[in-house]
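Have the model open as you go.

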Amino acid sequence: MREAVGAPAPASRPGRGRRPGARESILDAIRAAEELSRVELAKITGLTEAAVSMTVRRLIEEGLVVETGRTPTGGKPRTLLRLDPAARLAVGVHLDEDATTYVLTGQTGGVISRLARPTPLGAALLATSRSAKPGPDAPTAAVPAAAVPAAAVPGAAVPGAAVPGAAVPGTAVPGTAVPGADSFTASSSASSSLPGSTSSGGDASPSSALSGSDTLPGDASSNGDVLPGDAQDAVLSALSADIDVLLAGSGVDPARCLGVGIVWPGPHSGGTPADDLLPHLRGWHGDELGRRLSETTGWPVLVENDATAAAVGEYWVARVGPDRAFAALYMGGGIGAGIVIEGRAMRGSHASAGEFGHLCLEVFGPECWCGSRGCLEVLAGPRTVVTAARADRVAAAEAGLDPAQPIRSVAADFGAVARAARAGAPHCRALLESSARYVAAATESMVNLLDIDLVVLTGPGFAAASAIYGPAITRRLAPADSRTWHRDVTVTVSLAAATASATGAAALVLQSHLRA
């Protein structure tokens, strides 16, 4: 078994000034263009034709690149090269609030096989661990891997999201793979706003004020509970069994699989996700999860946060060019960003780059769970929107939410608010428009800081409410872009929002082997 991946990133990892090698540059260029000749590779990568020829010869010998034919030119026909999609494979696993998504991905970014499971494990296992005192004869908490019929679909490809050109202010590119998702449309100004904020028209929100320490009605607050060993073993066994199902259903040779990338809403190593988002992983750290899953599956395991993985997934699936810098804003149970520059994800010194939700927008704003004040997350994140909707009798009725009942999940209730807003419910729409103004302001700061020209909205939250958030961002960017910066920033919705994080997790495993 190879050594497990998932330890703190060494100095040579992406985001720390490392320049790509010849094989990385060539493989990235072919992946983005699908087919290229050696002459074209030399022009795109800046390598000499001799270096390209030598590197391509080795890649062909390794089976990573194949020759596909010739293209006519004014002189000697050029041989075209493409990646062999099944030469190297990796599994990506996205642990989310409502479901666990598994994908098997090749080096071209296409999804070969996909499996989705609901995530009912956490609350039940945690409740069992609280209410029962297991004796020596008590059975372990077994989680059957076949609780849900397997849904592995060999050959089910994720549609490639073509990266659009320059954006037209007030417009964006529609399309998303998530059911019920909106494309961008024109948005009117809101007449009300989130708790603690003031709308552009000065109207106060009808909802009660929300402090940073509040929890959702019916929501369990973080209390430091840690799952017992038996329950942890059951979760690991379920993950391992599902990975086996995914590989078996794909029909590919498992020997071609290089490892497993696993994604959760937390730091890539050393940290834990929000306890109330993933109770079935409560108390675990990224390093521990990667190590224990590696021991259980026999595969090397890499752990990453959901926003960074979604950005890498978008880079691969949408075939973004390696010379293009962009950010993927991810909204699920929380809000974050993944930043990709020169084909590699930025991580920072502590693997925490892209904490978009913790940009400070109000110096004296409410306290955030992170310990700071006035963060985007606490002012306008999905949890704040859901809390406000449940506290507002009219908004709750519009969205079909019952404040007396425990929440299904932040993402599910946010989706209900978004659906009501799309149907014309005024209170729900006003809450989302107020949230969108904060998100747009934070996005402008990020764009100005990083000088990026592409922003991709992904994750279930943005997929459901892109018709409100997208135009708000483009309207915010347009005046300064035309007056001062003279740039065109494209804001678009991911076409693979449902699988971007899982695909990115697998892509990170594949990328780690490109440098071998």
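Q: How many salt bridges does a search of the whole structure find?
A: First, a caution: this is a predicted model. The search finds 13 salt bridges.

Q: Is aspartate 413 buried or exposed?
A: Buried means under 20% relative accessible area, and exposed means over 50%. Aspartate 413 has 2% relative accessibility, so it counts as buried. Arginine 408 has 54%, so it counts as exposed.

Q: Which residues are linked with Arg408 and Asp413 in a network of salt bridges?
A: Arg390 belongs to that network, together with Arg408 and Asp413.

Q: How are glutamate 433 and arginine 429 placed in helix α12?
A: Check the sequence spacing. Glutamate 433 and arginine 429 are four residues apart in helix α12 (residues 426–450), so about one helical turn separates them. Their side chains meet in a salt bridge, 3.0 Å from N to O. Glutamate 433 is buried, at 5% relative accessible area.

Q: Which parts of the chain does the pair of arginine 476 and glutamate 444 link?
A: Start with the bridge. The side chains of arginine 476 and glutamate 444 meet at 2.7 Å, N to O. This pair links distant parts of the chain: arginine 476 lies in helix α13 (residues 459–485) and glutamate 444 in helix α12, 32 residues apart. Arginine 476 is partly exposed, with a relative accessible area of 42%. Glutamate 444 is buried, at 14%.

Q: At what angle do helices α11 and α12 pack?
A: Read the angle with the axis distance. Helix α11 (residues 410–422) packs on α12 at about 115°, and their axes are 7 Å apart. Angles of 65 to 115 degrees count as roughly perpendicular. That makes α11 roughly perpendicular to α12. The crossing of these two helices is left-handed.

Q: Which residues of α11 and α12 meet?
A: List each side in turn. From α11 come Phe414, Val417, Ala418, Ala420 and Ala421. From α12 come Cys428, Arg429 and Leu432. By class, the contact has seven nonpolar residues, no polar ones and one charged. Arg429 also takes part in the salt bridge with glutamate 433.

Methods. Residues are numbered from 1 along each chain as its sequence is written. This is a predicted model: local features need pLDDT of at least 70, side-chain atom pairs count only at pLDDT 80 or more; totals for chains, interfaces and linings use all residues. Side-chain values use heavy atoms; hydrogens and water are left out. A salt bridge is a side-chain nitrogen of Lys or Arg within 4 Å of a carboxyl oxygen of Asp or Glu. Buried means under 20% relative accessible area, exposed over 50%, partly exposed in between (1.4 Å probe, protein chains only). Axes are lines fitted to C-alpha atoms, for helices over the stretch in contact, and angles run from 0 to 180 degrees between N-to-C directions. Angles under 35 degrees count as roughly parallel, over 145 as roughly antiparallel, 65 to 115 as roughly perpendicular and the rest as oblique. A crossing is left-handed if the near helix is turned anticlockwise from the far one by less than a right angle, and right-handed if clockwise. Contact means heavy atoms within 4.5 Å. Ala, Val, Leu, Ile, Met, Phe, Trp, Tyr, Cys and Pro count as nonpolar, Asp, Glu, Lys and Arg as charged, and the others, Gly among them, as polar.
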